[in-house]
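Me: I've got a structure open and I'd like to learn how to read it feature by feature. Can you walk me through it?

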Amino acid sequence: MGKANTITIDNKPFAFEPSETILEVAQRNNIFIPTLCHLKGTTPTGACRVCVVEVKGARDLVPSCATPAASGMIVRSESPEVIKARRNIIQLMLASGNHNCAIRKFEPDDWTSFHLNVLKEDNYNELCPVWGDCRLQDLAYRYQVTTKSLPVSLANYPMERVNPFIIRDFSRCILCGRCVQACREIQVNNAIDFGYRGAKAKIVAGADVALKDSDCVFCGECVQVCPVGALVPKETFKHKKRFEKTDKVRTTCSYCGVGCQMDLIVQDNKIVEVKGAEDAEPNHGSLCVKGRYGYDFVSSPERLTTPLIRKNGKLEESSWDEALQLVAERFIEIKTKYGSDLMGVLTSARVTNEENYIAQKFTRAVLKTNNIDHCARL
Amino acid sequence: MTNTIADIETADVILVTGSNTTENHPVLSTFIKRAALKGKTIILVDPRKIKLTEHAKKWLRPNPGTDIAWINGLMNVIIQENLHNKEFINNRTEGFEQILDTIKKYTPAYVEDITGIPADDIIETARLFAKAGTASICYCMGITQHTCGTDNVKSLANLSMLCGHLGKPGGGVNPLRGQNNVQGACDMGGLPNVFTAYQKVDDPAFIRKYETAWNISGLSPKPGLAVTEMIHKAEKGDFKSLYIIGENPLISDPDLNHAEKGFNNLEFLVVQDIFLTETAQIADVVFPSFCFAEKEGTFSNTERRVQRVRKAVEAPGFAREDWKITCEIATRMGIKMHYDSAEEIFEEIRKITPSYAGITWGRIDKGGIHWPCPTVDHPGTPILHTTQFTRGKGLFHVIDHQPPAEVTDADYPYVLTTGRVLYHYHTGSMTMKSDGLNQMSPECFVEISPNDAAKLDIGDGEMVNVFSRRGKIKAKLAVSSKAVDGTIFIPFHFAKAAANRLTNSKIDPVAKIPEFKVCAITIKKAA
Ligand code: SF4
Ligand code: SF4
Ligand code: SF4
């Protein structure tokens, strides 16, 4: 025995669980196998084939994401054959659209005209908006892919900018299908699918309409899983400055009681993007439209910035000292005149536990009444 | 919730009722939809043809306000067909014998009369639910926002106990809490009758405990008033001051015309918020506070998981943290309340809150913990009642159908039910600052069935006036197959056409929840 449930990858033996794929065993053991279409928790589609590996005895390279590990299997994760296949795949993807991240290799003059044309189509003055945060770009670097010999293929479909929240750039889509998997198997909204065939292939919403006119509910799951710059959050595109420092802060969504964990991406004291926290319960990276895109209010110019006191029937700005003193004095006055039980506090399902605790402590210990409630029933 | 969110996906049968989950708890709904995708059975009980019907194997459409009847109907069939879990009933519950008489009355035919659900559907659903290995019940405001809301909830508990679907993975009776920290606000004693962790304010032992912990004397032993009661009193001039933190009752409260009068009658109104909400606009003093992205603290989600909130950006202008403002008022009133950080407050909470005692900010740095968590080495409690109920044995309650407080008549022939839409949140003070969300949901609408619209001879998109005995609003008619004949749905988010001008402020006597889900209205084409 000993051999049962053992697979060899790059000359090292690894134990595996009965239903595990080659990819899963490799990932668990920190062996790098690139993936593009693979999406954890969904049915493998094998669409991109960039995860191919060599299995001893097999005629062709096999996609590791869709091939179950088997006893005695001998796998090479990065043989010359494998590398060649991956470079081919990456090369074709890079050549298929507006990947103007300067990875593409042209004669200098051709590059300039290509890039200028992309800028025109993008209606944008820079390189691809996800530059530096793109799986295809990473892989192109890793495998040193050049595209010199390949012609520029023109964008089949114009960019879709009419939606709130999401820009769809079909020219950068590599048809990996992750968005479809995410929409169908994770969020189960069934808003998008593959449409058309061959060179005309496209990810379509409904009967090929704009997202806003489809069943899409703008959860943004597809945006979060898109490995390239084909799905871009609109606000981020507008506000996030490239090459400038961002901070990432893990927190809890402030809308509904699900309590999704999220990372706020912050630049210059402004939230520029929200991402679902993939490594956290309860949401494992998923969010809804409010949690993911409903953050404008934080930096709204309508935020209150100073205390207000009603004077002559109108609310007027005041100092903290004046406002606090007034409130304390009036509360004491009312308490003395009418008694505690004619006073009340409404605390909030919106503020933190600590703040709720302080509100009830204030009501009970200072006002000396139990007239405290919140609007949760409403 | 008795069980966790992730746990729902493992149930064989999921019964969802009174919850438009895909719009109100979108990410939680993904667990239900994925379960359906994997072949699990979803039973949906809801008058509206909500999105989740597309994923449900069975969809029952009760007349609004008849929940007790269909739940009793299911129990009737289950007992009749001997499908109840006798072992669970014997070992874990009491009071079963007492409900038999009442349940006997609720034959499928009788239930069909009250609820409009075909008798066969009641029978089939009862079998599906009782025969399931594990069955989870998820409910929301559609169950609680009735004058009989408390009884509705007890009925669901009866049903679950009857089949032994409680206290184990994939089971449970799971209320989906609406706002992000409702659970926490309740846990922290933001209620008129309890301190933190539901310790009763009229229990002398707890009063002593808190007086010692807070180093004061004279805590009131008299349970306080619920928000609806405070406003009723204010209307009569019997209530003098309110300090409102982060709420906007002038949109969210029932029967707004009366509520408005109540607020205006107050001698002194203080509002603390991040925006000048409708309520803040009538305040005497307004304090600017921090939003979630500007502060440190914790929220407790609907599955009792205590999670961290962290500061990401600086607050605008001179705004201050809510707790600092409250402490400063207290101190100026002569009772010093001072903390250096929110974490210091949490440490105080732990000391007097048994269910939070074992939770520290350090422990939840990487991921939340479910209360009860009594000690620092306790892992937390994802599933409640696994070996016994809080009171020991689970108690069956005898519950009879009661008609809603207001029923339709010739003058007000339609039932109004209010609720939310995906793209907005509560009174909209946050979501309506987003162009995208406003683009997807720009204004109020009056959702009506194609039949009713045809009868009224009013077309989709036309403006209508909606009247109840209490008020009037004007909004666009939306003809939709989501609606049932005779029932109108209006979202309550929009100040310009505030649905709560129409609603009834009649409340459930125990939970004090107003009857938002049923009131009588009429509709007329706007001139
Ligand atoms: S849009 Fe993105 S995720 Fe979807 S197929 Fe194209 S590249 Fe893949
Ligand atoms: S945003 Fe959500 S619903 Fe819309 S296409 Fe993407 S995954 Fe589907
Ligand atoms: S992201 Fe959506 S589902 Fe998750 S907590 Fe926020 S509002 Fe709720």
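Reply: Start with the domains. The C-alpha centres of domain 1 and domain 2 of chain A are 57 Å apart. Their bounds, taken from an automatic or database domain assignment, are 6-78 for domain 1 and 339-378 for domain 2. Keep in mind that this is a predicted model, where local features need pLDDT of at least 70, side-chain atom pairs count only at pLDDT 80 or more, and totals for chains, interfaces and linings use all residues. Residues are numbered from 1 along each chain as its sequence is written, chains are lettered from A and ligands numbered from 1 in the order in which they are written, and side-chain values use heavy atoms, leaving out hydrogens and water.

Me: In which order do the 5 strands of the open sheet in chain A come?

Reply: Two strands pair if DSSP finds at least two bridges between them, and strands are DSSP runs (E, at least two residues), numbered from the N terminus. Here the order is β2-β1-β5-β3-β4, with mixed pairing. β2 (12-15) and β4 (62-63) of chain A each have a single partner strand, so one side of each lacks a neighbour in the sheet. Strand β1 (residues 6-9) of chain A runs antiparallel to β2(A), joined by 4 bridges; A:I9, for instance, has A:K12 as its bridge partner.

Me: How many aromatic pairs does the structure hold?

Reply: A pair of aromatic rings is described by the distance of the centres and the angle of the planes. Rings of Phe, Tyr and Trp (its six-membered ring) pair with centres within 6.5 Å; planes under 30 degrees apart are stacked, over 60 edge-to-face, the rest tilted. Over all chains there are 22 pairs. Take B:F445 and B:F489: their centres are 6.3 Å apart and their planes at 45°, so this pair is tilted. B:F445 sits in strand β15 (residues 445-448) of chain B and B:F489 in strand β18 (residues 487-491) of chain B, 44 residues apart. Ring pairs also link A:Y255, A:F297, B:F292 and B:Y425 into a cluster.

Me: Is B:F489 buried or exposed?

Reply: Buried means under 20% relative accessible area, exposed over 50%, partly exposed in between (1.4 Å probe, protein chains only). B:F489 has 3%, so B:F489 is buried.

Me: Which lysine lies over the face of A:Y157?

Reply: A charge sits over a ring if NZ of Lys or CZ of Arg is within 6 Å of the ring centre and within 35 degrees of the ring normal. For A:Y157 that's A:K202, at 4.6 Å from the ring centre. In chain B, B:K524 lies over the face of B:F467, at 5.2 Å.
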